[in-house]
Amino acid sequence: MKIQNLEDISDIFSIFHDGIIVENHFKNNILILSVEIEYLAERIHSTFTQFEVTLYGFNNVAFSTWPARPEAKPEKLTNIQTILMSELLILESNLIKDNRIEVICFCNQPSDEYDYGGGELSFTVDSAEVKDEAGKFYTIDELDELCKSYWNRWEEQNDQYEN
């Protein structure tokens, strides 16, 4: 069940707000990401913690870093394995010029090995698939509904505490 509209592919990453890219595999322009996002995954099954996002035709990757030190200059990384050595926490995503997807990320870094705290990950892609831990594939509408239902429930629960 491939998602082919580029705005929809970008929306996958916005839906996975606060998800962490914990694993990746790249071969033949196919990038497979394991995105740990327990608050959405457990809505499907109480033991689930993540989704798998497969990006087909993944190309033209660049990661513009946010330097950790004020005096440092941003870097532009172009090797996907180097970029994903640090666990990236997804904040949001946008479709930008030249049909590139830009994912704004914060780095969950366990050490001072990296001289940046996040950045903008941009790339081109042809299509994507998203599946849960049981192997069920999702359309963008199903992912959107899953996300909306979580946030509606969250809002209801917080309204109870305020009243």
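Mentor: A strand, as the term is used here, is a DSSP run of E with at least two residues, and strands are numbered from the N terminus. By that definition, K131 lies in strand β9, which covers residues 127-131. Please bear in mind that this is a predicted model.

Next come its neighbours. Leaving aside residues up to four places away in sequence, K131 touches F51, E52, K136, F137 and Y138. One of these contacts, E52, deserves attention: 79 residues separate K131 from E52 in sequence, yet their C-alpha atoms are 5.4 Å apart in space.

The wider chain gives this pair its setting. Among contacts between residues at least 6 apart in sequence, 59% join residues at least 24 apart. The protein chain contains four helices and nine strands, and their order from the N terminus is α-β-β-α-β-β-β-α-β-β-β-β-α.

As for overall dimensions, the C-alpha atoms fill a box of roughly 45 × 40 × 30 Å along the principal axes. A compact globule of 163 residues would have a radius of gyration near 15 Å, and the 16 Å of the protein chain agrees with this. Of the 163 residues, 41% are buried. The accessible surface comes to about 9200 Å², with 45% of it belonging to carbon and sulfur atoms.

Conventions:
Residues are numbered from 1 along each chain as its sequence is written. This is a predicted model: local features need pLDDT of at least 70, side-chain atom pairs count only at pLDDT 80 or more; totals for chains, interfaces and linings use all residues. Side-chain values use heavy atoms; hydrogens and water are left out. The radius of gyration is taken over C-alpha atoms; the globule rule is 2.2 Å times the number of residues to the power 0.38. Buried means under 20% relative accessible area, exposed over 50%, partly exposed in between (1.4 Å probe, protein chains only). Contact means heavy atoms within 4.5 Å. Accessible areas come from the Shrake-Rupley method with a 1.4 Å probe; for residues, only the protein chains shown count as cover.
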